[in-house]
Amino acid sequence: MSAELYYKSASELSGLLNRREISSVELTQSVIGRTKAVDDLVQAFNSFDEKNALAQAADSDARRNRGESLGLLDGIPVGIKDVLAVKDQPLTCSSKILADFVSPYDATCIEKLKRSGAVLWGRLNMDEFAMGSSTENSATKITGNPWKLDCIPGGSSGGSAAAVSAGESIVSLGSDTGGSIRQPASHCGVVGLKPTYGRVSRYGLAAFASSLDQVGPLGRTVRDTAVLLQSISGHDINDSTSYKVDVPNYVQAIKQLKGRKWTFGLPKEYFESASDMASMGPVKEAIEFYKSIGCEIKEVSLPHTAYAVATYYIVATAEASSNLARYDGIRYTHRAESFDAKDSVDIYRQSRAEGFGNEVKRRVLLGTYVLSSGYYDAYYLKAQKTRTLIRRDFEEAFKDVDALLTPTAPSPAFKRGAHSGDPLSMYLSDIYTISANLAGIPGLSVPCGYVDGLPVGLQILGKPFKEDEILAMGNEFESAHNFANEHPPL
Amino acid sequence: MAEAPHIDIDKVAELARIALTEEEKTKFSSQLESILGYIDKLNELNTTNVEPTAHPHSVENVWREDRATSELPTCEAVKNAPKQRQSMFVVPKVVE
Amino acid sequence: MEYEAVIGLEVHVQIKTESKIFSGSRSGYGYEPNTLVDPVVLGLPGSLPVMNKTALDGIIKAGLALNCTVPNYCKWDRKNYFYPDSPNNYQITQYDQPICDGGFVEIEMEGETRAVMGSHRKVALTRIHLENDVGKLNHFAEDSLVDYNRAFTPLMEIVSEPDMHSGAEAFAFLTAIRQTMIYCGISDCDMEKGQMRADANISVRPVGQKELGAKIELKNLNSITGVKNGIEYEIKRQTQELKKGRTMTQATWRWDADLGRTELMREKEDAHDYRYFPDPDLMPVHIDDEWRERIRCEIPELPFDKQRRFMEQYDIPYSITSVLVPDWELSEYFERAAKKVPKCAQAIGNYVTNDLLRELSDSNTALSECKISPDGLLSLVEVIEKGVITKQIAKDVFIEMFNTGESATEVIERKGLKPDFDEGQVKDWCQEVVNENPRPVEDFRSGNDKALNALLGQVMKKSRGKASPQIVQGLLKELLS
């Protein structure tokens with residue numbers, strides 16, 4: 001049993017732990033062992049602290065023995081994207097500029113996870129400062145897709161998705177600004193959820209784009225994803241953008257909503273140009289499945305879809321250019337030492353030149369430009385207005401349907417290096433995921449098939465604060481298929 | 001379509017406080033101009049009477065009570081400092 | 001050709017709160033470096049700002065007290081610029097929708113003498129907004145050290161219209177703001193502690209010219225007097241330059257208080273491109289009438305209103321009100337006594353502004369710890385009014401009361417200060433003195449009024465100082481007429 005503990009679901013493991021058939025230490029050792037066995041190939045982790053993880057596991061076992069178990073996640077290893085602050089652990093954002101930074105505080109979602117008894121496991125690789133869709137922009141290492149190691153795992157939460165896919169973690173936390181949880185989940189054949197904006201606190205999430213970022217769960221099953229979402233959701237006094245909305249019981253909701261005959265919308269703009277896209281096969285089959293169980297499928301329109309990528313790259317880079325200004329060589333970052341600084345401006349210029357990778361520089365420059373004098377109205381203001389139109393598209397569509405079904409990505413994971421030198425083509429591949437961040441709505445990606453041996457994900461976009469519904473919809477699909485039990489040939 | 005906008009890369013890099021090599025300046029300005037050319041498509045849209053979205057779900061008056069509740073010990077505050085002295089962060093001399 | 005100066009001031013005032021404006025870290029002054037910090041104050045990755053409600057209340061109060069309009073809606077913007085004292089390299093401020101609009105500050109100029117009230121006028125304000133303060137740079141020979149204790153202290157920026165014309169007006173303006181803030185409990189405006197800071201914009205033009213001259217920004221004005229002196233110097237300097245036919249160009253200068261002159265800091269650079277945009281981490285503020293009214297009710301009677309009322313209601317002169325009014329506690333103390341017996345107001349005022357202040361200062365005592373209560377002072381004044389003891393003796397009684405906390409009556413009893421004679425006895429003494437001192441009598445009768453003092457002195461000696469000098473004078477004059 002021990003050999004496969006690392007591939008069991010959190011729900012099953014929770015049962016085994018409660019019945020004392022296994023201990024958290026055993027489970028964690030299984031996960032650590034698996035990591036050591038395959039991470040040389042996958043390279044999902046920037047770092048991990050074995051002793052620390054086992055100590056947390058031991059604490060969990062002690063709690064359980066005292067009869068003080070904290071719930072479904074107690075004793076379960078949860079991988080952490082290297083973008084979330086965990087006290088006394090590195091927080092690198094896969095960037096040289098934070099290469100030696102150790103966080104002195106916990107993010108709110110991490111505090112909540114600790115209170116749930118989870119075993120926080122490692123620091124997972126990502127695109128630097130969450131800027132990218134392939135994890136190729138990492139300054140630390142290149143992560144491979146566990147299904148085909150010379151392909152990208154997706155991004156920016158590439159490490160989070162790859163680790164869960166490869167059994168190096170039971171579940172993991174990622175962050176999603178333009179698709180960074182959903183797309184890597186789709187590429188790695190796991191489940192990933194971006195919550196409604198404001199559902200989960202951003203306090204302690206190194207900010208990329210403040211009005212778009214959300215922390216979210218990844219797992220091998222919808223139920224595991226729901227459990228992790230449960231533990232991190234809720235209003236936070238330390239995040240003014242988090243909302244005072246009740247958190248339903250997601251696990252119960254999946255059960256209660258089973259069998260409901262949903263009405264799904266297919267945004268025609270997403271499918272028009274997509275008929276020849278590689279991902280379409282499995283996605284179309286998934287849509288047929290829902291039809292077959294009595295759900296209604298309608299065509300809807302999101303007329304401003306074509307403007308989403310442009311809007312996103314103005315808003316996100318503008319906010320990022322301001323959010324990343326703090327990385328300046330003064331208080332806690334890499335400081336350029338190799339020259340004689342005349343003044344602080346020199347330190348800023350050189351430290352940031354040395355500390356930031358190309359994609360980060362590109363986006364900071366672009367964001368600085370669109371906010372600069374004379375351009376604010378033409379770019380930032382224009383983009384925020386277009387954003388309103390995009391939001392309204394979804395509001396209109398949701399009048400007639402419960403949720404939207406779309407591909408998560410236009411095609412499965414590409415080969416490493418296939419898009420280098422052409423940033424714009426990379427940006428355009430975010431077309432299916434980006435609008436959800438602009439509108440602030442939740443989105444789930446569930447595995448729905450393979451193309452050329454690489455996983456494909458189905459995206460379910462829901463109404464604001466209706467994570468319970470999209471989880472139920474995803475669970476409906478998952479329980480009728482076997483994708484959740486299929487693992488990469490590592 | 002309108003020609004790609006010209007970006008004053010020196011000015012932007014200075015505002016962003018990032019030193020660029022000549023090679024980077026050439027590379028980035030051409031890449032950014034291409035992206036900006038794409039972004040130009042937003043001008044196809046008439047947004048005259050549309051309110052900008054500042055926040056996805058709008059709320060007002062989010063605040064906290066005036067109590068001193070959070071603190072970081074000084075040693076934690078400076079532990080990541082590239083250079084510190086007497087618990088303060090060292091920077092090159094600033095002339096004001 | 002005559003020249004005139006046009007001056008605008010930008011005044012920063014820290015709001016007194018327990019915690020900081022966007023962080024739950026403690027706010028304070030004089031603490032060990034980098035102790036009043038948390039992830040938000042240090043700009044750590046993942047930190048987020050959260051508004052402090054009391055800071056909002058404070059600026060609304062300041063705005064209403066300074067006659068501003070407080071609109072229904074305001075929001076937060078980021079002002080992006082790099083500087084070592086800025087934790088995020090952006091400041092959270094209010095760009096185009098400040099929380100207070102317009103307004104004016106009533107100022108009082110210096111009178112011809114200290115006893116004469118100077119003229120009043122209103123200086124127009126452009127706006128007041130709220131923002132976060134930044135850290136402090138400490139300069140050494142080879143480098144500088146940054147302390148972020150001050151970062152994120154709530155800071156009001158009060159911007160005046162270019163509506164002043166002299167250093168004296170600027171002095172009066174800052175004084176008026178300071179007094180208003182103290183009265184409202186918003187800030188102590190102690191410039192030494194950085195609670196109030198001011199920069200001036202000064203331009204000089206020929207009288208009659210409509211356009212403003214080139215604007216010079218003047219910094220490093222570290223005290224209210226420094227503001228006055230720096231501005232006066234700069235006006236002179238610019239006027240001299242213009243008279244020589246030179247033109248002024250926009251630049252920043254700094255005042256050197258030690259050397260008593262201004263020096264060029266930097267020529268005008270291209271205006272900073274701050275790339276303002278709405279802060280996506282903060283929600284807008286909606287202010288309704290109820291909120292405005294609730295704050296308005298908390299505003300006490302303001303200094304100049306109180307001054308006007310004191311002068312009219314209690315018929316006391318400027319020489320007294322000018323000492324009472326700037327000190328809110330002192331004015332309250334005065335009124336608690338004067339309100340009960342208004343006709344004694346002047347006497348009470350004299351005691352408060354002279355004897356009380358002197359004793360408090362000499363013994364380093366705070367008014368709140370003073371052993372004489374307003375009622376106690378009132379009873380002393382009444383006792384003098386009734387003629388029970390003389391004014392001179394009363395001065396000593398006051399000091400006893402101050403040191404021991406006894407009442408006036410108790411001191412008079414204990415020291416046997418009541419005169420133990422009647423007016424008849426005083427008349428007799430007067431007669432005796434007139435009889436015993438022919439020369440002064442002679443002098444007085446020949447027109448030397450001052451000679452009366454010698455006689456008066458003799459009567460006072462006989463009465464061991466207890467007779468009333470006024471009564472003795474009257475009796476002597478009667479006798480000698």
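B:Lys79 is partly exposed, at 33% relative accessibility; buried means under 20% relative accessible area, exposed over 50%, and partly exposed in between (1.4 Å probe, protein chains only). The model is predicted, so local features need pLDDT of at least 70 and side-chain atom pairs count only at pLDDT 80 or more, while totals for chains, interfaces and linings use all residues. Residues are numbered from 1 along each chain as its sequence is written, chains are lettered from A and ligands numbered from 1 in the order in which they are written, and side-chain values use heavy atoms, with hydrogens and water left out.

B:Lys79 forms a salt bridge with A:Asp88, with the closest N and O atoms 3.6 Å apart. A salt bridge is a side-chain nitrogen of Lys or Arg within 4 Å of a carboxyl oxygen of Asp or Glu. This pair crosses between chains. A:Asp88 sits in the loop between E2 and helix H4 (108-115) of chain A. B:Lys79 sits in the loop between helix H3 (74-78) and strand E2 (84-85) of chain B. Helices (H or I, at least four residues) and strands (E, at least two) are DSSP runs, numbered from the N terminus. A:Asp88 is partly exposed, with 47% relative accessibility.

The interface of chain B and chain A was examined next. It takes 55 residues from chain B and 69 residues from chain A, where contact means heavy atoms within 4.5 Å. The two chains bury about 5200 Å² between them. Of this area, 66% is on carbon and sulfur atoms. Buried area is the accessible area (1.4 Å probe) that two parts lose on being put together, summed over both. Four salt bridges are found across this interface. B:Glu14 and A:Arg349 meet in a salt bridge through their side chains (2.9 Å, N to O). There are also 17 residue pairs in polar contact across the interface of chain B and chain A (both at pLDDT 80 or more). A polar contact is a pair of N or O atoms within 3.5 Å; within protein, one must be able to donate a hydrogen and the other to accept it, and residues adjacent in sequence count only if both atoms are side-chain atoms.

On the side of chain B that touches chain A, at least two residues each come from helix H1 (9-15), helix H2 (22-39), strand E1 (63-64) and strand E3 (88-92) of chain B. H2(B) gives the most, with ten residues. By type, this side of chain B has 33 nonpolar, eleven polar and eleven charged residues. Ala, Val, Leu, Ile, Met, Phe, Trp, Tyr, Cys and Pro count as nonpolar, Asp, Glu, Lys and Arg as charged, and the others, Gly among them, as polar.

Chain B also meets chain C. Here 51 residues of chain C are in contact with 31 residues of chain B. About 3700 Å² is buried between chain C and chain B, 56% of it on carbon and sulfur atoms. One salt bridge is counted between these chains. B:Arg85 and C:Asp143 meet in a salt bridge (2.9 Å, N to O). Polar contact joins 23 residue pairs between chain C and chain B (both at pLDDT 80 or more). Several elements of chain C supply at least two residues each to the side that touches chain B, including helix H2 (53-65) and strand E10 (143-147). The largest share, five residues, comes from E10(C). This side of chain C divides into 26 nonpolar, 13 polar and twelve charged residues.

Over all chains, the structure holds 65 salt bridges. One of them links the side chains of A:Asp74 and A:Arg63 (2.9 Å, N to O). A:Asp74 lies in the loop between helix H3 (50-65) and strand E2 (77-81) of chain A and A:Arg63 in helix H3, so the pair ties together parts that are eleven residues apart in sequence. Both A:Asp74 and A:Arg63 are buried.

The whole structure has 39 aromatic pairs over all chains. Rings of Phe, Tyr and Trp (its six-membered ring) pair if their centres lie within 6.5 Å; planes under 30 degrees apart count as stacked, over 60 as edge-to-face and the rest as tilted. The rings of A:Tyr312 and A:Tyr313 have centres 4.8 Å apart and planes at 80 degrees, so this pair is edge-to-face. A:Tyr312 and A:Tyr313 are both buried.
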